[in-house]
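Me: Hi! Could you walk me through this model?

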Amino acid sequence: MPHSTARLASILMVAARHAGPALTATGGPDPFGVDEAVADPASGSPERLATDLEGLGATFVKLGQLMSTRYDLLPAPYTEALQRLQDGVEPFAIEDVHATIEADLGARTRDLYSEFDEVPLASASIGQVHRAVTRSGRDVVVKVQRPGVREQVRADMEALDQVAKLVDGTRASRRVGTQAMLAHFRRTLADELDYRKEAANLELFGRLAAREPLIVVPKPYRDFSSSRVLTMDRISGKKVTDVGPLGLMDIDGPALADALFGFMLRTMLDEGLLHADPHPGNLLVTDDGKIGLIDLGMVTTVPKRLQSRLIKLLLAVSEADGESVAATLAGLGHPLEDYDAASFRDEVSHLVSGTLSLGADLQAGTILVELVRLSGDHGLRPPAEMSLVGKTLMNLDQSAQHLDPGFVPAAAIADHLPRALAASAKPSLATVAVGALESKEFAENLPRRANQIVSALADGELEVRVRAIDEDRVMRDAHRMVNRLTIGIVLAAITIAAALMTRSGSGGPLFLGYPVLAVVFFLLAAIGGLALVVSIVLSDRRSAKLARLSQQRRDSAVHT
């Protein structure tokens, strides 16, 4: 418990240091009420936030990386600082590596691999990677999870839940969507801690890349993998951004840039799969001149409703149709209480119309990020996938333009979108089957339901229910309010009567120098007042909880 309390105190200290400056930078109120005149400007800086999160460990590095995509909540200096977060740490002992492998795979490391480098290729806060060779001669890498990281993440999530409860119900919490964001973060982190999920992602992307001659995805080996150990093919090559001008002369840069951009766009818009972390460190130029995709621990599903809207959005951006862009974003997002539709439409139109002047410099990722930021500024909360799509396209723009300085993202989108549009318009067998079943059910039930409506109309029994104000609830609340007021008046009268009896000096028994009857009246008033206060507090908390649950259900209905 002391460790948990100290951990919670450290988290709250970081939150108090940075939450105020981050929110006031967006024009919102400082929830901690820090006086700007006495606050240390460096204490709440974006760079200090990144450093503090790194100091808190793996959970908070991942939280910072997630927050770096919330362009609708944080100003640009914060998202840029958080995007530079690195979770590289000192490697853990080789004895722990062998212990994890042997415990999960049921055999000694030397029996599974003919070679196993004890010096890791890379070490992060969740796991580290070692080069190895299987007994069959396969050159592989083995990712091994850090001992105790799951227990640390579980404790940190409990602490974050406590912090969320402290701010739950505040205006800042409603704007951020604390509960929804924390639930999304918990799911993402749970997937990243289960290496079986990453193995499944590698297999899925490998099947999709089989049709792409210039794209390579490492193959996982299930017999040598578990939830804490992942063995996969080793792809040797250089990071995309590490390939210099001389190296670019030895490869077909334009072809690689087009293949990479097209593959990621099609997997996102056709298959609904998003490699959520395609930064240059996860993209390799292989020795034989191909693009290797690695580190597929973070793969997000893009819902069907969002796929078609994204295609429409990208088309509208390419045509500088601000009205369509604003309407599409409004349909995707969740309006908050301060949402200003007219102002949002004007700002979006101005931003999109300015893209025409960019010409070849138009970058879809940058435009999407700015649109997400505008949404947050005007009280419209976009879906979380929208920010990830913008970040993914920004990373792809950077990598593709390094491979091919003449690469034009807008032209690439125009080339590949028709294929994505055709694929999205093509119904799948499952979609056709579901539609046929729904049509069959509708045709079967239509005559009976129509007959019921006509019969009810003929008999004068047709009722139309309109859900408006709940009159019964209004009357109950008014009745409760009047009761509270009446009880308060009675208690006040008893208190006044007791005070008058005390001053009247009337005869009768005394208690501590005061008439006993007056003391009794005072006690009754105090007990009644305390009971009334407790009743009001409990009732208001229950009403607030019910209101939050109702709001969460409405939010879920909007997003589904």
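**Helix α16 and beyond**

Reply: Happy to: helix α16 is largely enclosed by the rest of the structure, because 11 of its 14 residues are buried (under 20% relative accessible area; exposed is over 50% and partly exposed in between, with a 1.4 Å probe and protein chains only). This is a predicted model, where local features need pLDDT of at least 70 and side-chain atom pairs count only at pLDDT 80 or more, while totals for chains, interfaces and linings use all residues. Residues are numbered from 1 along each chain as its sequence is written, and side-chain values use heavy atoms, leaving out hydrogens and water.

Me: Which residues are buried in α16?

Reply: Among them are Ile-367, Leu-368, Val-369 and Arg-373. Helices here are DSSP runs (H or I, at least four residues), as are strands (E, at least two), numbered from the N terminus.

Me: And what comes just after α16?

Reply: Gly-379, which takes a positive phi of about 80°.

Me: Switching to strands, what is the order in the open sheet?

Reply: The order is β5-β10-β9-β7, with mixed pairing. β5 (215-216) and β7 (237-239) stand at the edges with a single partner strand each, so one side of each has no neighbour in the sheet. Two strands pair if DSSP finds at least two bridges between them.

Me: How many bridges join β7 to β9?

Reply: Three, and the two strands run antiparallel. Gly-237 stands opposite Thr-286 in β9.

Me: Last one: is Val-516 buried or partly exposed?

Reply: Val-516 counts as partly exposed, because its relative accessibility is 32%. Val-516 lies in helix α21 (residues 516-559).
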